[in-house]
Amino acid sequence: MAERARVLLEVRGLSKSFGGAQVVRDCTFDVAEGEVVGLIGPNGAGKSTIVDLLTGFARPDAGVVRFAGGEIQGWPPHRISRRGLVRTFQLPKEWPDLTVMENMLIAAPDEGRETLWRPFVAARQLRRAEDADRERARAILEEFDLLTARNARAGALSGGQKRLLEFARIAMARPRMMVLDEPTGGVNPILGDRIGDAIVGVAAGGGTVMIVEHDLAFIERVCHSVIVMASGTVIATGPFSALRSHRAVLDAYIGGAAASA
C-alpha cells in the first residue's frame with residue numbers, strides 16, 4: 001500500500017464575520033504536502049476571506065489553522081510567511097522601480113545570512129552567497145521565460161509578465177506552501193499555460209500549492225484535488241472529475257449549464 005501524503009495544512013472549524021454578516025462558517029479541510037489543491041466556488045462564497053485567514057491578513061473569530069504541525073491562526077502575515085506559507089494577490093505586486101533581477105534577489109531567503117554583517121566575517125563568504133542567489137534567480141527566470149527581461153524595470157512589464165514575476169519571486173523564496181489568488185487573471189492563454197506548467201513543476205519538486213481560480217479548465221488541468229465553497233462553508237472536496245456529478249456542487253456553483261454538458 002502506498003504511503004499516504006503527510007498533511008501540511010489543517011483547517012478546523014474556521015469562521016469569520018464582518019459587520020454581523022458571517023462570510024466564513026465552520027470550514028474544515030486538509031491540504032497534503034506535495035499536492036496542488038484548487039479552492040473554487042461562486043462569487044461571495046468566502047474564498048478570498050479563507051485566503052486572508054490562512055495567511056494572516058484577517059483574524060478568525062473561531063477555528064484552528066495548523067501549518068507544518070503548529071497552530072498559526074491569528075499570526076501576522078510576516079510571521080506566517082517566515083514559517084513557509086506565502087501568498088499572491090489578485091493584482092500582481094512588484095517593486096516597480098527595481099529591475100526584474102533585483103526583485104528576485106530581494107525574495108531570496110536569508111538562510112543564516114543575517115549574521116554575515118558582523119565584523120571579521122570574510123567578505124568572500126557574502127559574495128559567494130550573493131553569487132549563488134543570482135545563479136538561482138537566473139535559472140528561475142529562464143524557466144519562466146523572463147531571463148531576457150532581467151535588467152528591465154519590473155514596472156515596465158506587461159500584466160502577464162508581472163504575474164509570472166510574482167510567481168517566480170515566490171519560487172525564489174523556497175516556501176513550503178504557496179497560495180495563488182487567481183493566477184491566470186488578466187493573463188493571455190499562452191502565459192496561462194506557462195503558469196500552469198510552473199505550478200505542476202513546483203508540485204513535482206515537492207512543493208504544495210493552493211489555487212483560488214475561476215477558470216475551471218485550468219483547475220482541472222493542474223489540481224490533484226478541489227475544495228468547493230458556497231455561502232461561506234465547504235460543501236465538497238475531492239478530485240475535480242468526481243465533483244462533476246456532485247449535486248450540491250452543480251446546484252451551488254457549476255449550475256444547470258454544466259449539468260447538461
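User: Which burial class does Asn103 fall into, buried or exposed?
Analyst: The model is predicted, so local features require pLDDT of at least 70 and side-chain atom pairs count only at pLDDT 80 or more, while totals for chains, interfaces and linings use all residues. Residues are numbered from 1 along each chain as its sequence is written, and side-chain values use heavy atoms, without hydrogens or water. Burial is set by relative accessible area (under 20% buried, over 50% exposed, partly exposed in between; 1.4 Å probe, protein chains only). Because the value for Asn103 is 0%, the class is buried.

User: Which backbone nitrogen lies 3.0 Å from a polar atom of the Asn103 side chain?
Analyst: Asn103 is found in helix α3, residues 100-106 (a DSSP run of H or I, at least four residues; strands are runs of E, at least two, and both are numbered from the N terminus). Beyond four places in sequence, Asn103 touches (heavy atoms within 4.5 Å) Glu94, Trp95, Leu98, Ala154, Leu165 and Arg169. The backbone nitrogen 3.0 Å from a polar atom of its side chain belongs to Trp95.

User: In which strand is confidence highest?
Analyst: Confidence is given as pLDDT, from 0 to 100 for each residue. The chain has a mean of 85, with 88% of its residues at 70 or more. Helix α9 (residues 247-260) has the lowest mean, 59, whereas the highest, 97, belongs to strand β4 (residues 62-67).

User: How many contacts beyond four places in sequence does the model have for residues 256-261?
Analyst: Over residues 112-117, pLDDT is below 50, and that stretch has 6 contacts beyond near neighbours in sequence. Residues 256-261 also stay under 50. For residues 256-261, the number of contacts beyond four places in sequence is 1.

Definitions and conventions:
pLDDT is the predictor's confidence in each residue, from 0 to 100. A polar contact is a pair of N or O atoms within 3.5 Å; within protein, one must be able to donate a hydrogen and the other to accept it, and residues adjacent in sequence count only if both atoms are side-chain atoms.
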